Amino acid sequence: MTAPVIHILNGPNLNLLGQRQPDIYGHDTLEDIARACATLGGRLGLATQLRQSNHEGALVEMIHAARGEAQGIIINPAAYTHTSVAILDALNLFDGPVIEVHLSNIHKREAFRHHSYISTRADAVVAGCGAHGYTLALRQMAHLLLRS
Ligand code: DQA
């Protein structure tokens, strides 16, 4: 059996992880996260591809592409979490599991971060675990797709 493919999608400003408010978002870069997910994915039997864009429409198109290419989506929509009906609508077109990840605990922060459009579609949400949240989400993805 070929390994299910998981797209790990990231929204605006996450390209600057490691430099961006490390007290909130930590010191790991997106490349570090991509590497950790690829290593764990290899062990779990999942193939991971990490993508990032600062543009809402580009993220919508990444989700459309996942329809033909991926069995699951892990997504940190960053600020679009709190604003984007377009990203929610795109995720509603995707048939497989969706797991929402936030490095910070959005519920412990400003009130405008407490609402997530994405959570109404997400099968699971991981928040406040830093970079580790991505590998936790990947383990849950393996549980959902491979029952492991
Ligand atoms: C974030 C939380 C969002 O509120 C914020 O806009 C981000 C990152 C997180 O990973 O903690 O850009 O999604």
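1. Which pocket is the space taken by the ligand? The ligand takes the space of the largest pocket. A pocket here is an open set of points on a 1 Å grid over the protein atoms alone, where a 1.4 Å probe fits, with protein on both sides within 12 Å along at least five of seven lines. A molecule sits in one if more than half of its atoms lie within 2 Å of its grid points.

2. This is a predicted model, with local features needing pLDDT of at least 70, side-chain atom pairs pLDDT 80 or more, and totals for chains, interfaces and linings using all residues. Residues are numbered from 1 along each chain as its sequence is written, and side-chain values use heavy atoms, without hydrogens and water.

3. The residues around the ligand (a heavy atom within 4 Å) include Tyr25, Ala78, His82, His102 and Leu103. By class, this shell has 5 nonpolar, 4 polar and 2 charged residues.

4. Ser104 places a polar side-chain atom 2.6 Å from a ligand oxygen. For Asn76 the distance is 2.8 Å, and for Arg113 it is 2.9 Å. The protein covers 98% of the 320 Å² of accessible area that the ligand has on its own (Shrake-Rupley, 1.4 Å probe).

5. The largest pocket has 15 lining residues (an atom within 4 Å of a point). Arg20 and Arg113 are among those nearest its centre.

Notes:
Polar contact = N/O pair within 3.5 Å; in protein donor to acceptor, adjacent residues only side chain to side chain. Nonpolar A, V, L, I, M, F, W, Y, C, P; charged D, E, K, R; others polar.
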